[in-house]
Amino acid sequence: VGSPRLQLRAYRPGRRAVVEVTSPSGRWFLKVVRPSAAADLAARHATLSAGVPVPPVLASTDDGVVVLPGLPGTPMRAALAGDPGALPEPAVLEALLDALPAVTAPPPRRDPADPVPRVWAHATVLGTVCPSLAPRLERLTAAVGAAAGGHPVVPVHGDFYEAQLLVDAGAVVGLLDVDTAGPGARIDDWATLVAHLALLERLGGDPARVSGYRARVQALLAGRWPGGEFAARVAGVLVGLATGPFRVQQAGWAAATEARVALAEEWAGLR
């Protein structure tokens, strides 16, 4: 590639990084993972490509670099901000999730349909960096656990929200970041999407458009689960999202963390 320009797009120390490569001849993304994880990631893309529009793996290296092409389409987050005609109907998202093939993965160390261990882990981190929030986080974890019900284990994306979707004229043309795809509970994919939309309403410049789309998603899901269970799962995802301001060392991260915990409390019925 002549005259490449590299830009770091994501970085999780010890876990992964994503580097965007642009040049006059095209655009690619280099996903850098632990060397032992590269082969599994390439196989995951190959399996999922049979049913959903994940980017194909163009190459991989022994030291953990997986090369993916840039896909066409508009990021759904950008469409929410400025191009409502590109947004897919919630039923299109459901069809996408239903089309996920089963991915071969090691047996999970915990019940993939139980949200409590994830919430507890995130609450522990938050209670360490913001000790004053610890009692509220304990109540949130208890509320999520009290509302948790049994769910069948099915193929899930594992981190399903608007930034992972590329859309065009109402269709999903790209599904990104499939590192966490595997067995899980479908309710959690939907809770992840709704939690991100609920937070985006607070952070974005046009909350009405985002809240309108969130309402359409929730209308599709209405009545599927016992009262309060879905909202509790959304609250659990928001506890995880509350770790973001500290993790990226955002200016005023403590206040931003408290605001996200408060939003989780609203969804859990604690405020």
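**Briefing: strands, aromatic pairs and a buried arginine**

Both faces of strand β5 are covered: Val65, Val67 and Pro69 are buried on one side, and Val66 and Leu68 are buried on the other. The model is predicted. Strand β5 spans residues 65-69, and five of its five residues are buried. In general, side chains of a regular strand alternate between the two faces of the sheet.

**The five-stranded sheet**

- β5 belongs to an open sheet of five strands, ordered β1-β2-β3-β5-β4, with antiparallel pairing.
- The edges are β1 (5-12) and β4 (59-60), each of which pairs on one side only.
- β1 runs antiparallel to strand β2 (residues 16-23), and seven bridges join them.
- Arg12 has Arg16 in β2 as its bridge partner.
- Strand β3 (residues 26-33) is antiparallel to β5 and is joined to it by five bridges.
- Opposite Phe29 stands Leu68 of β5. Leu68 is one of the buried residues of β5.
- On the β4 side, two bridges pair β4 with β5, again in the antiparallel sense.
- Ala59 has Val67 in β5 as its bridge partner. Val67 is buried too.
- β4 and β5 make a hairpin, with four residues between the strands. Gly64 sits in the turn and has a positive phi of about 100 degrees.

**The three-stranded sheet**

- A further open sheet has three strands in the order β6-β8-β9, and its pairing is antiparallel.
- Its edge strands are β6 (74-75) and β9 (171-175), and each pairs on one side only.
- Four bridges link β8 and β9 in the antiparallel sense.
- Leu165 has Leu175 in β9 as its bridge partner.

**Aromatic pairs**

- The count of aromatic pairs comes to three.
- Among them is Phe160 with Trp190: the ring centres are 6.4 Å apart and the planes stand at 85 degrees, so the pair is edge-to-face. The cut-off for that label is an angle over 60 degrees.
- Phe160 lies in the loop between β7 (154-156) and β8 (165-168), while Trp190 lies in helix α6 (residues 186-203), so the pair ties together parts that are 30 residues apart in sequence.
- Phe160 and Trp190 are buried.
- Phe246 and Trp253 form another edge-to-face pair, at 4.9 Å centre to centre and 70 degrees between the planes.
- Phe246 is partly exposed, at 31% relative accessible area.
- Trp253 also counts as partly exposed, with 22% relative accessibility. The cut-off for buried is under 20%.

**Arg260**

- Arg260 is found in helix α10 (residues 253-268).
- Arg260 is buried but has no salt bridge. The nearest side chain of opposite charge is Glu258, 10 Å away. A salt bridge would need a side-chain nitrogen within 4 Å of a carboxyl oxygen.
- The Arg260 side chain does reach a backbone oxygen, that of Leu241, at 2.8 Å.
- Leaving aside residues up to four places away in sequence, Arg260 touches Leu199, Leu203, Leu241, Ala242, Gly244, Pro245 and Gln250.

How values were computed. Residues are numbered from 1 along each chain as its sequence is written. This is a predicted model: local features need pLDDT of at least 70, side-chain atom pairs count only at pLDDT 80 or more; totals for chains, interfaces and linings use all residues. Side-chain values use heavy atoms; hydrogens and water are left out. Buried means under 20% relative accessible area, exposed over 50%, partly exposed in between (1.4 Å probe, protein chains only). Lys and Arg count as positive and Asp and Glu as negative; His and the chain ends are not counted. A polar contact is a pair of N or O atoms within 3.5 Å; within protein, one must be able to donate a hydrogen and the other to accept it, and residues adjacent in sequence count only if both atoms are side-chain atoms. Contact means heavy atoms within 4.5 Å. Rings of Phe, Tyr and Trp (its six-membered ring) pair if their centres lie within 6.5 Å; planes under 30 degrees apart count as stacked, over 60 as edge-to-face and the rest as tilted. Two strands pair if DSSP finds at least two bridges between them.
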